[in-house]
Every structure is written in C-alpha cells, then in structure tokens.
Amino acid sequence: MLRFLLTRLTLIVPTFLGVTLLTFAMIRLIPGDPILLIFGERNVEESVYNQMKADLGLDKPILVQYAYYLGDLAHGKFGTSIITRTPVLSEFLSLFPATVELSLTAITLAVLIGLPAGIIAAVRRNSVFDHTVMGASLTGYSMPIFWWGLLLILLFSVTLGWTPVSGRMAVKYFVEPVTGFVLLDAAMAGEWGAFRSALQHLILPAAALGTIPLAVIARMTRSSMLEVLNEDYIRTARAKGLPPWRVVGLHALRNALIPVITVIGLQVGALLSGAILTETIFSWPGIGKWLIESIRRRDYPVVQGGVLLAASIVMLVNLTVDVMYGLINPRIRKGR
Amino acid sequence: MATDAGAIPAAAHSAAPPHPLVEFWRYFRQNKGALAGLGVIIFLGLVAIFADVLAPHPPAEQFRDALLRPPVWQDGGTWRFVLGTDDIGRDILSRLTHGARVSMAVGVFVIALGLLVGVVLGLTAGFFSGPVDIAIMRAMDTLLAMPALLLAIVVVAILGPGLFNAMLAVSVVVLPGFARLTRAAVLTELSKDYVTAARMTGARLPRLMFITVLPNCLAPLIVQATLGFSTAILDTAALGFLGLGAQPPTPEWGTMLSDALQFIQRAWWVVTLPGAAILLTVLAFNLMGDGLRDALDPKLKR
Amino acid sequence: MALLEIKNLSVAFATHGGEVRAVEGVDLTVDEGQVLGIVGESGSGKSVSSLAVMGLVAANGRVTADRMSFAGHDLMKLGPRQRRGITGRDVAMIFQEPMTSLNPCFTVGFQLTEGLRTHLGGSRQELRRRAVELLDQVGIPDPDTRLGAFPHQLSGGMCQRVMIAMAIACNPRLLIADEPTTALDVTIQRQILELLLDLQRKRGMALILITHNMGVVAETAHRVAVMYAGQVVEERPAAELFRHPRHPYTAALLEALPERSAGQRRLPAIPGMVPGLGDRPEGCLFNPRCGRVRDVCRAARPPLLPTDGGAVRCLLPLGAA
C-alpha cells in the first residue's frame, strides 16, 4: 500500500512541475513587459521599475527566475491582483468554497441519479428504460452546458418563476461565513429562510453542472454492470440462493463500482471546466467566474495564480481518487 | 446464429474475403444511431459548403426595421426571417447557416492540427524510448492533468482572444489524447513480426514510422478524431460564449449565445436556436464516433 | 423415491437468429446418496441441464420440462422465492473455474457464511465457528486466518476447496459438480475428486459429477449418463455401461480412453465434429459420425429406448444382435 502511494506521488511531481512551468511561461509569453503585466499597465517611474525588476529577479537568467517562482510558490506566494491588490491565494480561498459547494452538489446529484439509472438499465438490458437512459445519457454527454444552463433558467426561472436567476442567496439574507458553504452556514446559524433561499439558488446551477457527469456515470455504470453480471462469481452468488437484490446490489455492484469510482474521480477536471461556464451563467461567485473576469480585466497575476491553484487541486483530487481506487480494490490493497 | 449457419456455404462459394471497407460498412450500417449521426454530419457539411447560397441574407446584415423579430410560426413572425432576428436585426437562419461553416471549419482545423502534432509526437515517443519518450509523455501528462477549459484559457490568455487563437487553444487540448493513443499503438505494433521484417530489409526510420507502422495504428485514431470533433466544436463554442473565442460579429454559435444572454427573458429564439445547433452537431459526431468504434474495434467483433 | 427426477427437459435460448435448443428432451434421475456421472464433450448440454436444475439459466433461456421435481417439490411450479429456498440449501453447485467463481471483492469468510446466514441464520460467532469447521473439513490448513483472505491470495486448488465448503455449508442433499477439476493442475485434480467423494460418502448426499473425462466417471459413479448435442444418448449403471456400451457414441468415447487403447500406435478418434447449436442434422444427432449408420437413422430422431438397467437413444444399439 505504501509503495503504491509512493509511486503515485512520484508520478504527480513532474506533472505538477509541468503545470508550474506552464503558468511561469504564461506571463513571459504574453506580449508586453512582465513587470507592467504584473503591476498593471500604469506609468511606473524608472527607479521604481528597476527596483521591481531586481525584486522580482527579472534581471537574472530565466532558470533562476523559475527557481525564484518555485520558491515563492513554496512559501504560499501566488502573486497579487493588479485590480484589488489582494493576494491571489486569499482571494482564491474566499471564493473556493462557493465552487466546492456547487460542484459537490452537482456530483452528488449526478451520482444519486446516474448510479441507479445505470444499474437498472443494465439489469433490464434492452428494455424501454434502458434505451431511454442511454439516449438521454448520450444527449447529456453532448450537451453544451452553457446553453443547457440558459434553457434551465428560461424554463424554471423565467417561465415558471420557481427559482432565482443568479447569485447564491437573496440579498435580504446575510449569514456569517464560517465554513464558506452557505448552506451549512445558514443551517448552523439556524437561519432557515436563508437556507431555503440558498438551496433555491443552488439547485439550478448544480443541475446544469451535474448533467455531463450524470451522463458519464450512467453510461459507465451500465457498461460496467453488464460486464460484471456475466462473471462467474455472479453465477456462484445466485447458486447460493441469494435474493436478486443482494446478487445485484452487493456482489455485482461492489465489483462494478471500481471503474465507476475512477470515472467519478476523473470528472473533477471536467467539473471545474463546467464550473467556469456554469458560474458565469448563474453569476455564481466562485473561482470559475473569478478567473474569467480576471482574464477580461487582464489581471494576469490572478490568472496565473488561479490557474495553478485550480489545476493543483484537480491533480490532488485525482491523486486521492487513485488512492481510494486502491482501497476499494483488494487486489491492489493486499497484493503489492 | 442463423446468419452464421447461412454464411458457411456462402463463404465456401465466394473465394475472396470481402474488402475491409465493405466489411466495415456492413458493421457500421447495423448501428442506426451512427447512421443518423453520419446523415446529420453530411447535411451540416453541405450546409457549410453552400452557406452562401442557402442563407437568405448575409450573416452580418442588420435589418433595422426588424429587431428581435420572432420565428415565422409565432405572432409577428414573417417568412422573410424564418427563424427570427436578433437584437440588431440580423437574420438568425442566415447566421446559423454560416455558423455551420465556422463550426465545421473549427472541427477540421483543430483535429487536423491536433492529429498532426499529436501523431508526430506519439510516433517519436514510441520509436525513441528513453529520455525523448519520457519528456514527451510527461509534457502530455501535464496537459492532460489540466482541466480542458482551464488549459484553453491559459493559451487564449497568452495569445489573446479570437477565433483562430481559440482553435489553437483547443488543438492543444485535444493533442495529448492523440499523442498517447499513437504511442500506445506504436508500442504494440513494434513488437510484431512485420516490423522486424521491414527492419531487416533495411527500411529507413521515417519509412518505418509513417509507411510501415502508422497505417496499422489508424483505427483508434480515426475513432478518437471523430469523437475529438465534438470536443473541438464544444470547447470552441464555450470559449466563444465566454468572450474568449470568436468575436462579434462572427456568426459562431457560442458567440451568438453570449450576445443573446441579455434577451433571455424576451426572445427565447435567440438563445435556444444556436445552442440547439451545437447540441445537434456534437451529438451527431458522438453517435458516429461510437458507431465507428464498434465497427473498427476488433475486440468487439463477434 | 428419486431425489431428483427430470422428464423431457429442454432449454432453448433466444438469439438474434431465432431460438436455438441447447438441451433437448433430457431425462435424468438421481436417488438419495447416489453418484451420477454425466459425460459429454463441451457443448453437449451437460452444464446447461444442471443450471436448469439450479434455476440459473440466463434470462434469454427458456426451460421446459414435463417434470422436474426435487424431494417431492415440483421445481417447475415453485415461485422464485421458494425456488431460492432450495437452491444453495438443498441443491448446491460448484463450477469449473474456481478462480473466477469467487467474488474478488469479498473475503473467503464473508462468502462462506453468506449462504449460511441466508438459509439458516445464526449469530456472528456461530457462523464463524461453522465456517472454520467447513474449511477444516475441506482440508484447508489454518482455517482461522484463511477466513480473512481474499480469493486472489489463494491458489486454484484452494479456491475450489473454498467453493466446495460453500456448497456443502447448508448440508445439501444434492451437490452438482460441473467439471470441478478441469481447470486445476493434474496433481490437484485427484485430491479434489477424492475430497468430493469422501464428503459424498460421509454425508450421504447425492452427487452429480459432470465431466468430459470417462476415466473419472468409471471409478466414481454409480450411474452414468452420456450426453451428445443436447441429448442423453445412454443412461445406465456405470459398471455395465463400461463393460458393454450400447450406444455407438459411448463405445467410441470408451475406445478413445488412453488406458483402453494401450499398445495401439494411435489413439482412435471420432471422425467429424459435434454439430453446432444451429445445424443439428436430421434423424439421429450422431448419424453423420456413426460407423453403423443405416437409412432409418437419418429418418427420425430415435427416442430413448429402455435397455438392460437403463436406456439408450439408438435404433441399432450395440450388443443387441
């Protein structure tokens, strides 16, 4: 197990360095003077400019500059926003919970619907239900979610008036941020009106963001279940006279879940891509919207730091999934 | 089963096995979804080629007397603008028609570039093991580790917004998939006898790479390229929607959507139609990609 | 009274090209405490028949029989719940591939106690004690620690022992062993076979031993049924069948045994192939390969005709003048 963990860790290090190289190169590849990019495009006095250049090590060879950059990262310095003058890391941390809340809700919805749908489709192979699930899943998989989000708004907010169009909570409510998750904070403060409002704001963007993972999970669960249901040990389980729910829900599902969990884990990257779009449509104050706004404002330090932080988190989650995969698969856990 | 039984005497009569393409078509034809996808793709291709003839109006022409005109079947609609007009009076049908041209061009360009660079990198990594292989594959891992849209955003941040830069960005996104696939296929093929035979006859490296080995790796690449079309179209549209891709007044579907955002409460058609066009196109390529995979993957053949 | 009685069992599978019959008109009887050997080449319908008894035929398969009764229960009339009360409890089965027949995600102990818990119940300690006992009975050393092992940590022979322990957990009256030794090393095959027969004798349970190996059956079975292309072609007491085979196919199988053909330069082989599911010949199914074939054999399927001590599906049986 330890060796398994270590190999995974050694694999992620070069990838992480690759991402830092990319973000490091980004600022230098953007046309224009890096100092002006980092400090905003204002007139800077010659002496101040040179001072900055020395401070940033920009007078040093490029490799030394990269080493400085890595050193800064190691000390948690991810740059400072040109516009707000606050450190990128603290901005990221204050916005990150909103994205996590949205993404977790989305993936929960996707699992809660996709998993049973895939299982039933596999058990009732070639039934009307199966064909419906597969058709819906292929459509969901092909869905431009920025459009899908708009359709949901059009239907539920504009036409039916059930849910609000944007934001995390109605303006009249205020909840002291403790965890940063509005739902949790509202519940802990006992503000049930705020909780309701937060839930109403959350459900539509989460549904939009969850659509593609839902489609992927349903498809994967179905094909994985179909494969497992043909295995010899399923016949053994049935030969024991076990009830069907136990054969399908325990013996088959436990094995079928192994690839499904990997796929769910791999959705984290797709989820972040989706969050960028969903947050923009629903004005959800998370890191996706923040990144897009920063690009529009040419706030390059934020783009640089934000991309690195977001990519690192995706890689960390993927690593965790990899390790979890080892935990649920006894062949890896006990084997080597 | 019954066809098997019938096939035995039939096979005994016809001396030559069917041409691989004929056999492929036989499998592909059985998949109705894939056929429908192919149909839609051919249709879109024709629309893209003949957009100038098919579109009733130039895509950027503004009819100041007909702002936000609804489609013909709604009150206030007119046959002059079958699918209505947008906020500055441009004909939606014409813009959608030219949008098909943009999207198809995007797909072709992105896949061609991604395929070209990816295949060369994959072949190089597969043929030269050691540091070259490691360097290429670690770089590909890095690109794959980044969420697709995030990576595209980094590239657009460097190059600046615009349709061409967005296409370059999406090429970078799809490239590692092709590189990995090629490398894996090359490694399998390299261990086979025909490669050894070609080597012994003194084939030079470029010939070995491109003439001997590459054609045998094509099947998975074709499938990946078809599925990649949908990624290319979807991601470029997403960039357009975010304002980082095609810029107005380019009739690109994603850009049309982002222009229409503010009219969502008043004019459903400016929002619904471009998105439906994207969905239809992406769905068609996904359906056909699935069908191709089933028809080309020898493991699934009975 | 017979423990298991099957009359005219047929199993058909729906495929893209229509229905194909894997098993056709099979009659079998097993008495309490008896060992029945079922012999036949792969695809002869041995496994499918036994799966039909267990109620495990795949969803696209259709099982029909004039009679299929076990210990007085009409298996064709039982609902799924009552059927499951018999399957795994009174009738148990072990399979050809022990390595893949155990669920890789669960420990030996979990899989072993599962059937017990479902059919008999009991406290956790009782179940555990019983599981240790069972592993001990099937000759697994250090049963206490093996309970926590995963299947991939065991060898093929060990896995088959675990499968046997699972099968006998609820003291079944009939055990069906479908090629239990085929996938194992030659050295292990004999051990497993002896274990099965030992358990059969000690517990007085009936055993159906399915195999393609005539030699195995010769030493172990009371009665033998020979299957060919989905049909029983001969069913008689083992000793008599081996001494005087009545069906030409049985005779050919016996001649192909290496020990019987000692001294000959080449092993005799049966010419031709077993007909596939879709291309069954007219008349007797064996007629294209039979050395004694006459025109009558090609006219109609011969019925199962009574002969000394059993039955044979041949119009011109051997040794009948």
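What share of the contacts in chain C with a separation of 6 or more is accounted for by residues 24 or more positions apart? The share is 65%, where two residues are in contact if their C-beta atoms, placed from the backbone, lie within 7 Å.

This is a predicted model, in which local features need pLDDT of at least 70 and side-chain atom pairs count only at pLDDT 80 or more, whereas totals for chains, interfaces and linings use all residues. Residues are numbered from 1 along each chain as its sequence is written, while chains are lettered from A and ligands numbered from 1 in the order in which they are written.

**Chains B and C**

The table sets out values for the two chains. Helices (H or I, at least four residues) and strands (E, at least two) are DSSP runs, numbered from the N terminus. A residue is buried if 20 or more other C-beta atoms lie within 10 Å of its own, exposed if 12 or fewer, and partly exposed in between, with C-beta atoms placed from the backbone.

| Chain | Helices and strands | Buried residues |
|---|---|---|
| Chain C | twelve helices, 13 strands | 44% of 321 residues |

In chain B, residues 24 or more positions apart account for 70% of the contacts with a separation of 6 or more. The C-alpha atoms of chain B fill a box of roughly 75 × 55 × 30 Å along the principal axes. For chain C, the C-alpha trace spans about 65 × 50 × 40 Å along its principal axes.

The radius of gyration is taken over C-alpha atoms, and the globule rule is 2.2 Å times the number of residues to the power 0.38. A compact globule of 321 residues would have a radius of gyration near 20 Å, and the 20 Å of chain C agrees with this.

**A helix of chain C**

Helix α11 of chain C covers residues 248-255, and its buried residues are Pro248(C), Tyr249(C), Thr250(C) and Leu253(C). An α-helix has 3.6 residues a turn, so residues three or four places apart point the same way. The cover over the buried residues of α11(C) includes the strands β3 (35-39), β10 (223-228) and β11 (231-237) of chain C, together with the helices α9 (214-220) and α10 (238-243).

**The contact between chains A and C**

Chain A gives 18 residues to this contact and chain C gives 24 residues. On the side of chain A, the elements that give two or more residues are α10 (232-239), α11 (244-282) and α14 (330-335). Of these, α10(A) gives the most, with seven residues. The side of chain A that touches chain C has six nonpolar, four polar and eight charged residues; Ala, Val, Leu, Ile, Met, Phe, Trp, Tyr, Cys and Pro count as nonpolar, Asp, Glu, Lys and Arg as charged, and the others, Gly among them, as polar.
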